[in-house]
Amino acid sequence: MARKIRVLVAKAGLDGHDRGAKVVASAMRDAGFEVIYTGLHQTPEMIVQAAVQEDVDAVALSILSGAHMTLFPRVLELMREKGIGDVLLTGGGIIPKADMTALRQMGVGELFGPGTSTTAIIEYIRGAAPGGAASRSAKAGSAR
Amino acid sequence: MANAARTETATERAKRETSDAETAEAPPALSGGENGAPASPTPLFETLSGIPVKPLYGPVDVKPGLEERLGEPGKFPFTRGLHPEMYRKRLWTMRQFAGFGSAEHTNQRFHYLLAQGMTGLSTAFDMPTLMGYDADHAMAFGEVGREGVAISSLEDMEILFRGIPLDQVTTSMTINAPAVVLLAMYVAVAEKQGIGAEKLGGTVQADMLKEFIAQKEWICPPRPSVKICVDMIEWCAKHMPKWNSISISGYHIREAGATAVQELAFTIADGIGYVEECVKRGMDVDEFAPRLSFFWDVHNDFFEEIAKFRAGRRIWAKLMRDRFGAKNPRSWQLRTHAQTAGVSLTAQQPLNNVARVAIQALAAVLGGTQSLHTNSMDETLALPTEEAATVALRTQQIIAHETGVTNVVDPFAGSYFVESLTDRMEEEAMSYIRRIDEMGGIIQAVERGFPQKEIADSAYRFQMQVEEGRRTIVGVNRFGGEEEISIPVLKIDPEIERRQIERVRAVRARRDAARWEQAMKDLRDACRSDKNLVPYVLDAVRAYATLGEISDVFREAYGVYREPAVF
C-alpha cells in the first residue's frame, strides 16, 4: 500500500491570517494526506526543524503579510542546509506574479494565489512530491 | 468521492444550524452556463450565511409585536438606528484605513486623504508593531512597514501626526495587543501639541478577545490581555470622555470565515465579556458603556447585512438595559464602524471589486452605520495605491451625495423579508450567546477553542461550496478566463526597514537613560500588582521607552501566548 503523502502546513513570521492555511489543511486531510500544521508565528528555523522531524514530502508555506521574498528564500536555504533540499517547498498567499516567478527561479515550487481551488493544490502536490519521502528515508536513515 | 461525502455533511450541518422548517428542497440544477462558464449545479436559495430564503415574504412571516421590536429611530431598542434623523442631520464618518512604510510616508497619505475630504483618520500598523516588536527585533525581519506603518517609539508617532492638530480630527488606531502603548503615545503626542487627553476623539481597537478568536495577533494569554483592555476602558472613562476605549470587532471574525450570525454572536459575546470584567472591577456600567464601540464587516449578501446591523443594535440594547441594568440610554446604543469585506474581493478581474465594495457600502449605510471604510479594489494584491484608495472614498461620496438613500431613516423597516431576517438573526445569535454563557462566558469559550472551531468549519464549508460551484464568485469560478487585467501595485521599499532600525536605535541611544530606567522599573512593579497600567505606560512612552521594550515587560510579567495548532 502506498504511503500517505505527508505535508507540513506552515505559517511563517508574524502573519496571523490562518483561514487559508486551515482550509487547505482540512482539504488535504480529506484528500487522504497526512497533514501536520505548525500553528502561527513560526520562524524559518522552527519550520525546517519540524519538516525534518516529521519526515514530510512537502512543506506548504502560507504568507499573507508581504514578507514572502524574505521568508521563502530563507526556508529554502535552511532546507538545503539540513539535507532536505529534495522536499517540495510550495505555498500560497498574497504574492504578486513577478515575485512568484522570482521564487520559482530560486527553486521554490508552484505558489498559489487567492481564488485557487484546494483541488488544484492537492493535485499539484500529488504530482510534484510523490515518493519524495520514500527515497529520502534511506538517506535520512544512514545520517541518523 | 471524498468531495461528495463532504458535501453531505456540510449540508446536513447547515440544516441542523437553521432552526425552523423553512429549509427548501434543492431546486433542479441549471441546464447550462453563461458565456461558456460551467453551470451552477444546485443554486443555493439561502443567504451567504446559510439561512434559507423563500421566494416570497408576506405578513405571516413577521411575528406579532413588530412595533415594539422596532421602536422609533433614536429610541430603545434602536433597531431603526441610533438617531431620530440619522444621515439627514449628519452623514457617517468616512474613515479610510491607511498606513504603510515609514511614519513619514503615512503622514503624507493622511494629509492627502484629509485634503480629499476624508473626515477621520484610521491608522494601519505593520506586523511587528501589531505584535509588540521593535523594528530591529529578529521577528520583525522582512516585515517592517509592509502591512502598515512601523511605529517603534514616540518619535515615530510624533512624525506620523506631524501637522495634524489632534483636537480637530478623530483617529482610529487598529491596534490590539500593544494598544495601551499606542494609546499612551497618542496622548503624549497631543500633550506636545498642547492638547489635553480630554479633547481627543477616536478609538483604539483594543479588542483582544477577537484576536484569540480570529485575527491572531497577541502578546500575552487571554486573561492578562483582557485585564489590560479593562485598564484602558477604566482610564479612558475618567480621562478621555470623547474617546472610544474599545472597538469590539466582528470584522476579523467574519473575515476568518464566520457566518453573519456567528459574527453577530461572537462579537456581542465579546462585548458581554468586557462589560462583565468591568463590572467585576467595581465600575458602574453607565460610567463606561457609552464609550464602547463596535466594528462590523459588510459582506456581499445585501439584505442579510442590513438585517445584521439592525439585529445587532437590538440585541445590545436589550442586553445592556435588561441584563446589565444600564440606565443611561447611551449605554444601550451599539455605535458601529463598518468596513466592506476584504475577504470578498478577488485577485482575478480586480476592477470588479469596485462594484462589490459599492454594494457592500450601500448595505452598511442602509443598516445605519456611524462610520465606514470602503476597501480599495487592489487589496487582494497589495496595500492600496493612492488611485485605488481615492476610488474607494469616492464610492462613499457617491452613496452619500448622489443616490438619495440618506434622505430617509431605516428605509427597509416594515419589509416582510428584512424584518423576518432581522428577527431570525437575533434568535440565532442569542442561541449562540446562551451556549457561550453555559460554558462560563466568552473567555472560557475562547480558551476551549469553541468560536475558533466554529469559524474554521464555516470557512471550510464555504470553500467547498465555491469549489463545487454551488456558490458563484464572478471572475473566479464563473465568468472568468479573460485576459488578466494588471493594475498598478504599491511597492514597499526595503530601505524602509533599514532606516526604521536605525531610527529606533538612535532613539534608545539619545534618550534620558535615568528617566527611562525609572519609568521601566515603575511599569514592571505595576505589572506585579492590580494597579491600572495606563499611567505607567504613559510615563514610559514619555521617557521614549520603545514599544518592544514595554511589550517585553508584559511578556515577562504575564507570559507569552501560544495557540494550540488545530484545524
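The side chains of Lys318(B) and Glu426(B) form a salt bridge at 2.7 Å, N to O, where a salt bridge is a side-chain nitrogen of Lys or Arg within 4 Å of a carboxyl oxygen of Asp or Glu. This pair links distant parts of the chain, 108 residues apart: Lys318(B) lies in helix α12 (residues 302–323) and Glu426(B) in helix α16 (residues 416–438) of chain B. The model is predicted: local features need pLDDT of at least 70, side-chain atom pairs count only at pLDDT 80 or more, and totals for chains, interfaces and linings use all residues. Residues are numbered from 1 along each chain as its sequence is written, chains are lettered from A in the order in which they are written, and side-chain values use heavy atoms, without hydrogens and water.

**Salt bridges**
- Glu426(B) is buried at 10% relative accessibility, whereas Lys318(B) is partly exposed at 33%; buried means under 20% relative accessible area, exposed over 50%, and partly exposed in between (1.4 Å probe, protein chains only).
- Over all chains, the structure holds 57 salt bridges.
- In chain A, Arg74(A) and Glu45(A) pair at 3.0 Å, N to O, and they join helix α3 (residues 68–81) to helix α2 (residues 44–54) across 29 residues.
- Both partners are partly exposed, Arg74(A) at 24% and Glu45(A) at 38%.

**Interface of chains A and B**
- About 3,100 Å² is buried between the chains, with 57% from carbon and sulfur atoms; buried area is the accessible area (1.4 Å probe) that two parts lose on being put together, summed over both.
- Chain A gives 38 residues to the contact and chain B gives 41 residues, contact meaning heavy atoms within 4.5 Å.
- The rule finds 1 salt bridge across this interface, and Asp18(A) and Lys216(B) meet in a salt bridge at 2.8 Å, N to O.
- Glu147(B) is buried without a salt bridge, and the nearest side chain of opposite charge, Lys11(A), is 8.5 Å away; Lys and Arg count as positive, Asp and Glu as negative, and His and the chain ends are not counted.
- Contacts of Glu147(B) include His17(A), Leu64(A) and Ser65(A).

**Chain A**
- Chain A has 6 helices and 5 strands; these are DSSP runs, with helices (H or I) of at least four residues and strands (E) of at least two, numbered from the N terminus.
- Thr118(A), Ile121(A), Ile122(A), Tyr124(A) and Ile125(A) are the buried residues of helix α5 (residues 118–128).
- They lie on the same side of α5(A) because they cover an arc of only 160° around the axis, taken from the directions from the helix axis to the C-beta atoms.

Key
Lists of a residue's contacts leave out its neighbours within four places in sequence.
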